[in-house]
Amino acid sequence: MILTSAIEKSIRKTTELIALIGLSCLLIQAVMIVIDVLLRLFLNSPLFGMEDINQLLITIILASFFPILLIDSKNITIDFLGQLLGTKFKVWLDVVGQLFTLLLFILVVWQLAIFSIEVEYQHTLILQIPIAPFWWLTTGLMTLCIPAQLIVTASKIYQAIHSHSGISETEGTD
Amino acid sequence: MEAITIALLGILIMFALIALHVPVGVSLAITGVGVFAWIVGFDEAVSLIGTEFSATLSNMDYSIIPFFILLGSLASAAGLSTDLFRLANSFLGHRRGGLALATVGGCAAFGSVCGSSLATVATMTRVALPEMLKRGYNPSLATGSIAAGGALGSLIPPSLIIVLYALLTDLDTRMLMIAAIIPAMLAIVMNALTIITIVRINPDIAPKGERASWTTRGQSLIKSWQVLLLGGVVAGGIYGGVFNITEAAAVGVVIAFVMCGMRGQLTKSNLREVLQETASNTAMIYMMLIGATILSYFLSISHMPEYTVTWIDSMNLPAFVVVLALYLMYLILGSIFETVAAMVITLPFVLPIVTGLGYDPIWWGIMMLSVIGTGMNTPPIGMNVFVLFGMTRDIPLKTIFAGTLPFVISDIIKLLILTTVPEITLWLPSIIG
């Protein structure tokens, strides 16, 4: 568990750092939009190619937010059934939820990689910036979701087994 | 197997996955892909994940979501809610029940900046609840007024949930926000009337406070200039047509960030909180949006919405009865699910039914958000109540639910008014649009 905990710590730190960079980019993007609005309102001359930059930037920003969502397990989950059935079942239901999430993100990364290959020769409309490098970066950031989710899933499985054995031990003692 | 049978099975699988603790967004996406694969083919279904993720992430219209979430987080970190509460308190605090009225006013004003019910409840619980309890307010009224005020957060424009509804239905966001103005004002008035009625019946539960002098009121007003400026620029910009909604949110973010800095609130711990809140909430909402879009593909190829509309038509029920049945469904869903989840899961089926009955989708959006907001204060799992309970463990859950009950009743009356007279909602968009 010491190794798992060390890995978890390093993945968590990486996801936080990536999200922080993403958030900083979001703030920069907000400032750019304000400058664009002011230039448009007062000088009738908006920033050239802002749409292109915004579109590329927002994709990367959003991709940087997904790993922290997964490592913090902040997805909305309805644990009504788990509460109804008790802790013993709840922990295993949590494992089911995490496994499905892992499956989806493996599919997402796989499909985003294919998408990045498909857009290899495409450029933005106004500034003619090649978009493939941005999509590879997006895919790379989303790839971090897999180890993040693996850690969460492993931890839930450990908790489930541990709680199960805990219950058995208690029952045995009784 | 017929497509409609597969679709019905798909819906059952989706609810089964949600019940099995699979996150809502993931459940929608997995069901959508699974059933699409069954009807069309595996390769096409899997490629849907790539196309939907890439299209949604790069869609600039959706970028309003992270901006609004960041705006709300920064406004919270800057302590703008405290200013709003103090301002409302200086004008209303001397009346019996005045602090509860100030809470509703503070919630409404803060909701207009932050756009989230749960965030509004969490913030106002920290700001207003200790003050009300210190003044000898009954815990039931104190918590009930916060929960009721929090429910206003999703209705008071500019609201994130209204933006999401507009994005999911391809409606004009500005029109929806304009349509929400009168129902939101009605909701504030109804909440205020509820408080006034409660304290008339039982004056001891809300003692009078000292009347603030005009100097104090003026000082509170001056202290609140920042939040008034923020609200004025964001709302004024949108309604005045100076900038679009995304630009308004970006302008709001920059102003809130500067205010945070001016107040010395850009501390490491605040920034960490803002980061986690913005990143996690943004990704969580995107996950649900993407899931809902993938789900809507299988629904449309199975023609399920059309089948449902035909089925309801065949029952020859009056449209009003169908709408009331939908309200009941949302009241139940709102008490179990978070607003975004309740809306995202049901919208693909419900919107065709409502528009099929001849109702305006703008009107329906406002009604749906109102009823889900009411559900958030309704037992057994009203989310607002649970946020309150989580933050104030000393007050029993039963007491909080008892406190929300009069507001739930007043909400139902408001719903009936807005349902029987849809013009209340549609009048402003018709003259401004």
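Me: Contact means heavy atoms within 4.5 Å. How many residues of chain B are in contact with chain A?
Reply: This is a predicted model; local features need pLDDT of at least 70, side-chain atom pairs count only at pLDDT 80 or more, and totals for chains, interfaces and linings use all residues. Residues are numbered from 1 along each chain as its sequence is written, chains are lettered from A in the order in which they are written, and side-chain values use heavy atoms, with hydrogens and water left out. On chain A, 53 residues take part. The number on chain B is 50.

Me: How much area do chain B and chain A bury between them?
Reply: Buried area is the accessible area (1.4 Å probe) that two parts lose on being put together, summed over both. Carbon and sulfur atoms carry 81% of it here. In chain B, H21(B), L57(B) and L275(B) lose the most area to chain A, together 16% of what that side buries. The total for the two chains is about 4,700 Å².

Me: Which residue of chain B meets E16(A) in a salt bridge?
Reply: A salt bridge is a side-chain nitrogen of Lys or Arg within 4 Å of a carboxyl oxygen of Asp or Glu. The rule finds two across this interface. For E16(A), the N to O distance is 3.2 Å. The partner is R272(B).
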